[in-house]
Amino acid sequence: MTTHGKNINMFLMDGTANGRIKCTLSNWTGIAYRIPRVDLDLCKERNDLKQSGIYFLFGVSDETSEQVIYVGQAGARKNGEGILYRLQEHRKNPDKDYWSEAVVFTTSNNFFGPTEISYLENRFCAMANDAHRYIVKNGNEPTQGNVTEEKESELEEFIEYAKIIMGVLGHKVFEPLVITESTQGNTTGSIGDKHTTFFIKKRGANARAVQTAEGFIVLSGSVLSKDAVPSCPDSAINAREKYKSVIDENMVLLKDIPFKTPSGASSFVLLRSSNGNVDWITEQGITFGKFESTKV
């Protein structure tokens, strides 16, 4: 299927890239806002933020330094209390002090009713969980509700546009680090033809990785070296500390982990200084460096 370009309008509401941003997309009734927590009070007069909609709270965990997200819904009330009112409630809640930025989705025609926002909240929460990019802070899985097949088709189209906007705003919350056959609709969980898999099998490690547009990804299920050599670089030690919550007692990695370079990834795996161009090899024994040099 041919992928067509999209025309996205991004309005810097405060004249800076770090401030509030309003996003619209050609031929789409949706409206998205990125709102820093400190700027909530600047939105009091925006009528579309008094409507119903879906919102996302983004932040970082104090305990693990991992990115976290909360997915919520807000229904419009007769007194004009809608999305913005819910965000202000969260700002006052000490249990939600982790978030620094909200992304909101509503519509230009106030289309969302209780059924629509329940469906969207459920789908967005499930998609965020499946992507394993962020720790999803929702305590319970939102209820999907009952929608007709016609309404479901409309809402799924809205979701596809919302995914694009979310990525443009810098949050790839719905996109897996690695596209596998299972994420494309199959159930094998194997890496598709798009990625060549590289391996490290030394110092007790048995790791797999792939190169993507976001860097070098060490894959879930990789077995890591247990002990660091005396000359192990601090960057590898720090990475092990950062991701210790997703390494089990058998040194098996429980989620995909991204690195900027092959050497950063291999040092993390081996707990020693490593040249990723040499230590990562294909199934045929070709080093990553040689593999790269043969690309047209």
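Which strand gives the largest share of the lining of the second largest pocket? The largest share, 3 residues, comes from strand β11, which covers residues 257–259. The legends below begin with the whole predicted model and then turn to individual sites.

**Figure 1. Overview of the predicted protein model.** The protein contains 7 helices and 11 strands. Its C-alpha trace spans about 65 × 45 × 40 Å along the principal axes. Of its 296 residues, 45% count as buried. Among contacts with a separation of 6 or more, 60% are made by residues 24 or more positions apart.

**Figure 2. Confidence along the chain.** The mean pLDDT of the protein is 87, and 92% of the residues reach 70 or more. Confidence is highest in helix α5 (residues 262–270), at 96, and lowest in strand β7 (residues 135–136), at a mean of 90. Over residues 181–193 the pLDDT stays under 50. For this stretch the model has 19 contacts beyond four places in sequence. Where pLDDT is low, the predicted coordinates should not be read in detail.

**Figure 3. The second largest pocket.** This pocket has a volume of about 590 Å³. Its lining consists of 20 residues, and Q67, R133, L177, Y243 and P258 lie nearest the centre. By residue type, the lining divides into 8 charged, 7 nonpolar and 5 polar residues. Strand β11 supplies 3 of the lining residues, the largest share.

**Figure 4. Surroundings of R133.** R133, one of the residues nearest the centre of the second largest pocket, lies in the loop between α2 and β7. Is R133 buried or exposed? With a relative accessible area of 16%, R133 is buried, because this value falls under the 20% cut-off. Leaving aside neighbours within four places in sequence, R133 is in contact with A128, K172, V173, E175, P176, L177, E214 and K255. One of these partners, L177, is also listed among the residues nearest the pocket centre. R133 and I69 are 64 residues apart in sequence, and their C-alpha atoms are 9.6 Å apart in space.

**Figure 5. Surroundings of K255.** K255 is placed in the loop between α4 (234–242) and β11. At 16% relative accessibility, K255 counts as buried. Which residues does K255 touch, not counting those up to four places away in sequence? They are E66, H132, R133, V218, L219, S220 and V246. Y243 is 12 residues from K255 along the chain, and the C-alpha atoms of the two are separated by 9.4 Å. Y243 is itself one of the residues nearest the centre of the second largest pocket.

**Figure 6. Helix α5 and the residue that follows.** Of the 9 residues of α5, 7 are buried, so the helix is largely enclosed by the rest of the structure. The buried residues are P262, A265, S266, S267, F268, V269 and L270. After α5 comes L271, which has a positive phi, near 55°. The confidence of α5 is given in the record of pLDDT values as 96.

**Figure 7. Two loop residues with positive phi.** N110 is not a glycine, yet its phi is positive, about 50°. N110 is located in the loop between β6 (99–107) and α2 (114–131). Its relative accessible area is 36%, so N110 is partly exposed. H132, likewise not a glycine, has a positive phi of about 60°. This residue is found in the loop between α2 and β7.

Figure 8. How many disulfides does a search of the whole structure find? The search finds 0 disulfides. The cysteine sulfur closest to that of C23 belongs to C43 and is 13 Å away, which is too far for a bond, since a disulfide requires the sulfur atoms to be within 2.5 Å. C23 counts as buried, at 0% relative accessibility. C125 is buried as well, with a relative accessible area of 4%.

Notes: Residues numbered from 1 in each chain as written. Predicted model: local features only at pLDDT ≥ 70, side-chain atom pairs only at ≥ 80, totals over all residues. Heavy atoms only, no water. pLDDT = per-residue confidence, 0-100. Helix = DSSP H or I, 4+ residues; strand = E, 2+ residues; numbered from the N terminus. Contact = heavy atoms within 4.5 Å. 1 Å grid on protein atoms, 1.4 Å probe; cavity = no way out; pocket = protein on both sides within 12 Å on 5 of 7 lines; lining within 4 Å. Points joined across faces, edges and corners; volume = space filled by probe spheres on them. Nonpolar A, V, L, I, M, F, W, Y, C, P; charged D, E, K, R; others polar. Buried < 20%, exposed > 50% of the residue type's maximum accessible area, 1.4 Å probe, protein only.
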